[in-house]
Structures are given as structure tokens and as C-alpha cells.
Amino acid sequence: MLRQVAEGVLIHQSEFFQTNTVVVRGRAGVLLIDPGVRGDEMACLANDLSDSGQTVVAGFSTHPHWDHLLWHDSLGEAPRYGTARCAATVRDRLSDAGAKARITGLIPPDLVKQVPLDLLGLITCLPAGTALIPWDGPEVRIIEHQAHAPGHAALLIEERGVLIAGDTLSDVLIPLLDLNDSADPVENYLAALRLIEGAADDVDVVVPGHGSVGGADQIRARIEQDRAYLHALRDARVVSDPRIGPSAAYDSLRAVHERQLQNVTRRREREGTPG
Ligand SMILES: [Zn+2]
């Protein structure tokens, strides 16, 4: 079911890690951001759209992770955009014969049959530095950064006061670092938060890739919460963060946190070794 969060901006939430799909109404149809996870959910979304006389005229994936790269037949054949770096990463990771099997291994076993992979990652590359998503609707500004995944885009719909944060600023997920592609994943994440903070002055609604939609007061609070987590991780201080505390929404994040802590600690020790 679609829920309006601002004028002409609606969301559809998956049961899988509260993944948010965003629908933006344009003049000739809708822009669909991070289309969803389960096939039946995407089909339901396509139904809701056609019931209200809307077609999808453009898609966008905020970053090159499988749960943001899916698509369903019933959504049609609109171009699905991503930043140049996102598209290049998708190409690198999905072009070999073993790619689908690797992705299948990343999906929880109880979910895997419900996730359609045939149209995974068919991303149309936007030229590097593209500022706006090319489509006929409210301006959607691309704020590209390197937190969480290469070529990650936060999206700002200024005239509607909406920030679509991708996999940052979640109330349920701690910052998940890009430990594979980045020389300094913590600093990259902090830099991304500074960029987002600089753009978020007039934002009334923040939609994270996973978790609940927040109001104006939540934007600063979530930036500060992500930053506090990263500072504690960087400085090897005790992390006190409700997202990995006793009332956390997802228990599995504690193990993720431990892995991140070990990785960041190892990097620091390596740097501290002379020669
Ligand atoms: Zn992700």
C-alpha cells in the first residue's frame, strides 16, 4: 500500500528490513526510487500505480546493493538510472557467469524464492557529475557520496522538502561501512554526512532506505546519531546506540557492529605500524 509523505511523494514499505520504495509523481508518470525487494510487493505496487492511472517513466537505484537494484516485469521498461560509479560497480559485480549465484547467497534463504533476479541491476549510467535525475517532474537533486557503497546517491526533492537518504540516516540500521571498496570507510561516511547536512536545511521529511520516515526534527537527530556511532567506532570508544542495544529492531546488527569494529581497529593498527 502506498502512503503519502509529502505532496506527490509516496512510499511503499517492504517487510524485508523495512525497505522503503519511493514514488514521485511527475507530469507524465512516476519516478520509482529503489523499487522494492519481493516480487509480490513490486507487483502490488505496479497494481496500485495502474489503478490510479500512473505508469513508471523512470527508475533510480540509490546504490549498487542487490536490495536496491531489483525490478519487476509489471513495472514496465522505463530507464533505471544510477550514478556513473554505481552503474560501473554493478557492471563489475554482475557481469560474470557466477554473479546470480553470488547474489542468491546474500539473500536470506527464506526470502530467496520470492526475489525475482532476472531484471537485477539493469542500470542506465548517468554521466559523472549529473546534478538532477533526467525526468519530467519535480527536480530531484543527486547528492553523490561514497558512504556505504560506491556511487551512493542521496536525493533531495527541494520543492517538496523531501530527502531520500538511501542507506544512511536510518532509525533501525547503524551506519554500514563500505569495507571493500574504501581506503577510509569511516571518513568517507563522515564526509557523506557533512554533504547531506549541508543540503538538508529546508527538509521536512527524511526517507531512509530502511526504517521509518522521519520529520524535520529527525533529520539533525539522525545525522548526529550516525555521526556519534562513527566517532565512537573510529576512536574505539564504547558505542551506546539504540540500534544495537537491547531494544534493537534487528539482533543481527550486533554481529555486524563487531565486524566493523574489528576491521576499523585493524586498519588503525596497520597505520600505526612504522614502515
Ligand atoms: Zn545497501
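1. A polar contact here is a pair of N or O atoms within 3.5 Å; within protein, one must be able to donate a hydrogen and the other to accept it, and residues adjacent in sequence count only if both atoms are side-chain atoms. The side chain of serine 182 makes one with the backbone nitrogen of aspartate 184, at 3.2 Å.

2. Ground rules. This is a predicted model: local features need pLDDT of at least 70, side-chain atom pairs count only at pLDDT 80 or more, and totals for chains, interfaces and linings use all residues. Residues are numbered from 1 along each chain as its sequence is written, and side-chain values use heavy atoms, with hydrogens and water left out.

3. Overall build. The protein chain has six helices and 11 strands. Helices (H or I, at least four residues) and strands (E, at least two) are DSSP runs, numbered from the N terminus. The C-alpha trace spans about 60 × 45 × 40 Å along its principal axes.

4. Of the 275 residues, 53% count as buried. Buried means under 20% relative accessible area, exposed over 50%, partly exposed in between (1.4 Å probe, protein chains only). Contact means heavy atoms within 4.5 Å. Among contacts with a separation of 6 or more, 62% come from residues 24 or more positions apart.

5. Strand S3. Five of the six residues of S3 (residues 20-25) are buried, so the strand is largely enclosed by the rest of the structure. Two strands pair if DSSP finds at least two bridges between them. S3 runs antiparallel to S2 (residues 9-13), with five bridges. Valine 9 has valine 24 in S3 as its bridge partner. S3 also runs antiparallel to S4 (residues 30-33), with four bridges. There, valine 23 is partnered by leucine 32 of S4.

6. Two hairpins. S2 and S3 form a hairpin with six residues between them. Check phenylalanine 17 in that turn: its phi is positive, about 45°. The hairpin from S3 to S4 passes through four residues.

7. Zinc site. Which protein atoms are the donors of the zinc ion? They are His63 (NE2), His65 (ND1), His148 (NE2) and Asp167 (OD), lying 2.1 to 2.4 Å from the ion. Donors are N, O and S atoms within 2.8 Å of the metal (3.2 Å for Na, K and Ca); water is not among the atoms, so sites may look incomplete. The donor spacing in sequence is H-x1-H-x82-H-x18-D. Histidine 63, in the loop between S5 (56-60) and S6 (80-82), and aspartate 167, in the loop between S10 (162-166) and H4 (185-199), are 104 residues apart; the pair links distant parts of the chain. Both are buried: histidine 63 at 0% relative accessible area, aspartate 167 at 10%.

8. The S10-H4 loop. Threonine 168 lies in this loop and is buried at 2% relative accessibility. Its side chain reaches the backbone oxygen of alanine 165 at 3.1 Å. Leaving aside neighbours within four places in sequence, threonine 168 contacts His145, Tyr189, Ile196, Pro208 and Asp226. Serine 182 is in the loop between S10 and H4 and is buried at 9%. Not counting residues up to four places away in sequence, serine 182 touches Asn188 and Arg267.
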